[in-house]
Amino acid sequence: IECTLIDPSFGGDEKRVDSRTIYVGHRPCPATEAFIPPKFCDNRIVSSKYTIWNFLPKNLFEQFRRIANFYFLIIFLVQVIVDTPTSPVTSGLPLFFVITVTAIKQGYEDWLRHKADNEVNKYPVIVLEDGRSIRKESEKIKTHYTVPDTEKDLQSLNATIECEQPQPDLYKFVGRMHIYKTDQEPAVRSLGPENLLLKGATLKNTKKIYGVAVYTGMETKMALNYQGKSQKRSAVEKSINAFLLVYLCILISKAVVCTTLKYVWQSQDGQDEPWYNEKTQKEKDTYVYLKMFTDFLSFMVLFNFIIPVSMYVTVEMQKFLGSFFITWDKDFFDPEIQEGALVNTSDLNEELGQVEYVFTDKTGTLTQNNMEFIECCIDGFQYRNSDSMSELDGFCDKEELFLRALCLCHTVQVKEAGPDEIDSDQVDGLVSELSQPDEQRGFIASSPDEVALVKGAMKHGFTFLGLENKSMKIRNRQNNVELYDLLHVLNFDPVRRRMSVIVRSKSGETLLFCKGADSSIFPRVRQEEVDRIRMHVERNATEGYRTLCVAYKQLSPEEFAVADAGLRDARLALQDREEKLMAVYNQVETSMSLIGATAVEDRLQEEAAETMEALQGAGMKVWVLTGDKMETAKSTCYACRLFQRGTELLELTVRTLEDVSDLTCHFEPWGVHLSLRSWSTANQEYGFIIDGATLSLVMNPSPDTNSSRYKSLFLQICQNCTAVLCCRMAPLQKAQVRQLDVFKPHFTPICIFYCLVSAVTDALLMCMLLILLFLYLYFGPQNLCFILPQFLYQFFCGYSQQPLYDAAYLTMYNICFTSMPILAFSLLEQHIAIEYLLDNATLYREIAKNAMLKWGPFLYWTVLGIFQGLLFFFGVKYLFSNPALQDNGQVFGNWSYGTIVFTVLVFTVTLKLALDTRHWTWINHFVIWGSLAFYVFFSFFWGGIICMKCCTHFWENKTALTLDLIYHSGSTPADEMSLQTITDWWKLHTRSQAA
């Protein structure tokens with residue numbers, strides 16, 4: 001569930017359409033009103049894709065969306081409906097095997113999702129229902145129940161909550177609460193994002209809370225953001241579909257050629273209706289075009305194995321079993337949380353080896369998000385963070401005002417340490433020891449910047465003691481406690497880049513303290529104050545420190561009254577609340593006095609520089625999207641080696657851009673210059689820097705400008721730079737940048753990471769991808785050389801659609817004889833040692849953009865398959881040039897010919913894979929030699945027992961006319977293989993027997 005926490009300010013009332021009302025407790029309903037209880041969804045979470053009832057139809061629908069599966073389904077139906085040369089089993093059994101294995105794999109993964117859902121849905125909770133505490137399962141919680149514990153005051157609570165309908169924005173919530181008490185006017189309290197507890201949140205810094213469920217089950221924000229039910233298709237799989245279309249065209253071409261040549265051959269005198277095999281009247285009445293179409297379908301069935309249906313099941317098994325290797329990898333194990341990598345779905349494993357663009361934030365990703373106060377500038381004078389307190393002797397009112405602002409302008413909470421607790425600061429779950437062990441308190445904050453500033457003020461003699469009953473307490477350097485009433489908090493947001501508090505001192509003064517980015521504060525203070533501070537801010541930013549400016553304003557009673565009324569009305573609004581609050585914020589945060597600025601250090605992550613070098617060496621382009629000042633972000637990029645000392649930087653910011661027309665003046669020369677040289681081959685590396693204001697001109701230009709042209713030029717420049725830095729960005733702009741591929745179809749980041757990828761991960765995933773690419777390229781030529789002899793055979797059997805291979809071989813070729821060796825190869829092969837990969841990141845570039853699945857390698861493997869197919873067929877034909885190969889003088893039959901071709905094919909395909917194997921394990925030996933042994937055993941069993949019985953039965957009951965016909969007609973072994981000849985003979989023999 002997602003619930004609202006009860007805490008906020010009073011105000012008025014208004015109605016809103018498209019909102020929901022939640023009733024808490026038992027509000028008396030007037031007799032004149034009709035009460036209709038609202039209906040909300042239950043609290044069940046469903047992340048699974050299937051149910052028992054829809055699994056079969058839904059899974060079959062998804063599987064038959066694949067070209068190969070749908071094609072084999074059509075072939076199977078044709079074999080069932082039309083009299084074809086092969087049994088429906090030859091295509092139906094492989095298709096059934098593929099569908100079954102894939103369904104089992106997807107069903108198992110979905111069962112894991114069901115299991116995870118049940119753990120959440122069956123979790124025991126305590127709810128307040130009808131004034132009683134009742135233990136229930138989580139899925140049975142309904143909107144308006146209170147979780148998790150109750151007290152007397154809560155049991156008697158009667159209230160209603162009006163809030164917006166469910167929507168996926170995690171950082172937005174608009175609502176208000178009406179509290180009803182006997183003989184009193186209803187009290188109205190504002191509810192905002194700070195009152196919303198999201199589903200899945202972990203409770204910290206308190207033992208319990210009281211809340212009301214406003215969104216449940218699939219209406220929670222987390223569920224609305226879940227996009228996992230649609231089946232994912234990798235870019236590699238999409239590329240394979242294009243190659244399969246080529247093989248489909250080859251298949252259709254073969255069927256057309258054979259159908260045409262059949263009717264050309266039958267058009268000759270005596271070939272269509274010989275004297276011994278006259279057509280029946282039904283055959284004569286058959287429409288010729290219908291018969292041609294039926295023959296075309298028969299040839300399609302005969303050659304259908306050129307499409308490798310078993311490739312998909314092998315790939316599915318490789319992905320599924322390969323996901324366990326990721327889970328078992330010790331390099332992915334985090335000893336702090338005692339967890340390793342978790343693979344939620346294996347559909348996109350190979351995509352992890354195709355990373356081309358890495359999008360990363362700066363704070364908390366490139367840096368540790370562990371802030372330390374370094375220095376401050378007050379009224380133009382610099383104060384370093386030092387353990388020595390001698391600097392305080394010269395402090396004046398301006399310095400003390402600055403330190404008071406640091407102690408008051410924040411949302412930090414003080415956590416008093418118990419006798420058995422460790423003193424620590426907590427920031428979003430991160431714990432760090434206090435620098436002063438004698439202070440028996442820790443600080444709790446949503447941002448580490450605020451803790452660093454509060455501790456910086458403590459270093460200089462001003463200590464924040466905590467907030468109690470809306471009263472903030474600080475201790476000054478004279479050890480006197482000062483009290484300030486907290487009237488309003490103007491929360492920080494990334495758009496206006498500042499936050500403020502309005503407090504009232506015991507002397508009655510109403511003060512507004514504001515801190516924020518220099519670009520946000522400087523326009524709101526006097527220019528002469530800015531000149532004294534700007535130099536220090538820019539110097540600190542250049543050194544890589546995070547800078548904040550601090551200002552204040554004394555409010556008159558009239559100004560405060562207007563601001564107070566405006567803030568209360570805006571916070572109770574259900575429509576356009578954010579816009580109304582922004583208007584009030586901008587109104588009150590004007591004409592301020594600039595006090596000073598701070599510098600805070602955020603250290604780099606361990607091995608961040610080495611990781612960046614590895615990523616760039618692998619050919620990945622790193623984009624840093626941050627809201628920090630350009631100088632700070634630029635310094636960080638140099639420190640982590642994203643920008644090298646020899647990198648030529650192209651800067652497009654408000655300081656280099658005077659108006660919109662300058663965009664073209666900058667873009668076109670850069671675009672032409674960079675398009676003439678590829679970043680991956682040029683000696684000179686380029687970096688691109690753009691700020692949020694300039695990006696707005698590119699992404700959201702005025703109506704009279706060429707929007708698409710700006711975006712095209714922007715992408716052209718970014719694609720040819722090794723690194724891109726986007727600074728002073730709002731969250732919405734970050735989302736716009738990540739969606740830039742919409743405007744440029746060929747600009748397609750194959751995989752986007754929001755965190756840095758370790759080199760070990762790259763090496764492992766590169767191996768997996770190379771093996772998968774080999775696996776994809778393996779199946780096409782394998783099936784091409786398998787079916788090409790079948791096509792060539794038609795030229796020697798009168799295009800009679802006689803199969804070259806036995807039906808059992810057709811059925812088992814892909815699912816038994818050749819499937820296990822390639823599966824073991826794809827799982828266990830290590831053709832490049834991981835140590836070598838770690839030392840040579842440039843190897844990653846060789847497989848970028850699916851390089852091994854381009855048309856060049858595909859055509860090479862296709863030509864190789866054609867060559868092998870020709871060699872198999874004509875090599876065996878040459879072997880059969882001597883008609884008397886058996887010791888009894890008889891020639892081999894057509895099944896013997898086909899079996900020899902098939903045997904050569906199986907051994908060649910398997911032994912070639914053995915030659916390509918570089919990392920041998922006992923599993924490889926077992927499946928490779930075991931597959932060959934199984935084939936030999938099966939061939940002896942099938943050909944020596946079953947077929948021998950059939951032949952014995954035939955020769956014992958029929959005459960020797962067959963041999964006479966074959967020997968005395970001067971037929972060659974290939975001619976003897978003609979089904980048309982045998983058919984014609986059998987009809988003649990039957991008629992003679994009847995006569």
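Predicted model: local features only at pLDDT ≥ 70, side-chain atom pairs only at ≥ 80, totals over all residues.
User: Which residue with a positive phi follows helix 11?

Analyst: That is glycine 461, whose phi is near 100 degrees.

User: Now the annotations. Where does UniProt place the feature "binding site"?

Analyst: The UniProt record, an unreviewed entry, puts it at Asp361 and Thr363, and such annotations may be inferred rather than shown by experiment. In the model, aspartate 361 sits in the loop between strand 11 (357-360) and strand 12 (367-378). Threonine 363 is in the loop between strand 11 and strand 12 as well.

User: How accessible are aspartate 361 and threonine 363?

Analyst: Aspartate 361 has a relative accessible area of 28%, so it is partly exposed. For threonine 363 the value is 21%, so that residue is partly exposed too.

User: And what do aspartate 361 and threonine 363 touch?

Analyst: Here we set aside residues up to four places away in sequence. Aspartate 361 then touches Leu366, Leu625, Thr626 and Lys734. Threonine 363 is in contact with Asn369, Met371, Arg546, Asp602 and Asp628.

User: Let's turn to charges. How many salt bridges are there?

Analyst: The count comes to 31 salt bridges. Take arginine 539 and glutamate 375, whose closest N and O atoms are 3.0 Å apart. This pair links distant parts of the chain, with arginine 539 in helix 13 (residues 527-542) and glutamate 375 in strand 12, 164 residues apart. Arginine 539 is partly exposed at 29% relative accessibility, whereas glutamate 375 is buried at 1%.

User: Which elements hold arginine 404 and glutamate 482?

Analyst: Those side chains form a salt bridge of 2.9 Å, N to O. Arginine 404 belongs to helix 10 (residues 397-408) and glutamate 482 to strand 20 (residues 481-493), so the bridge ties together parts 78 residues apart in sequence. Arginine 404 and glutamate 482 are both buried.

Another case is arginine 498 with glutamate 589, at 2.5 Å from N to O. Arginine 498 is in strand 21 (residues 498-505) and glutamate 589 in the loop between helix 15 (577-588) and strand 24 (593-604), so parts 91 residues apart are tied together. Both of these residues are buried. Salt bridges can also share partners: Lys362, Asp449, Arg546 and Asp628 are joined into one network in this way.

User: What about glutamate 62, a buried residue with no salt bridge?

Analyst: Glutamate 62 lies in helix 1 (residues 55-63). Lysine 49 has the nearest side chain of opposite charge, 4.1 Å away, and the salt-bridge cut-off is within 4 Å. The side chain of glutamate 62 does make a polar contact of 2.7 Å with that of tyrosine 50.

Technical notes:
Residues numbered from 1 in each chain as written. Heavy atoms only, no water. Helix = DSSP H or I, 4+ residues; strand = E, 2+ residues; numbered from the N terminus. Buried < 20%, exposed > 50% of the residue type's maximum accessible area, 1.4 Å probe, protein only. Lys, Arg positive; Asp, Glu negative; His and termini not counted. Polar contact = N/O pair within 3.5 Å; in protein donor to acceptor, adjacent residues only side chain to side chain. Contact = heavy atoms within 4.5 Å.
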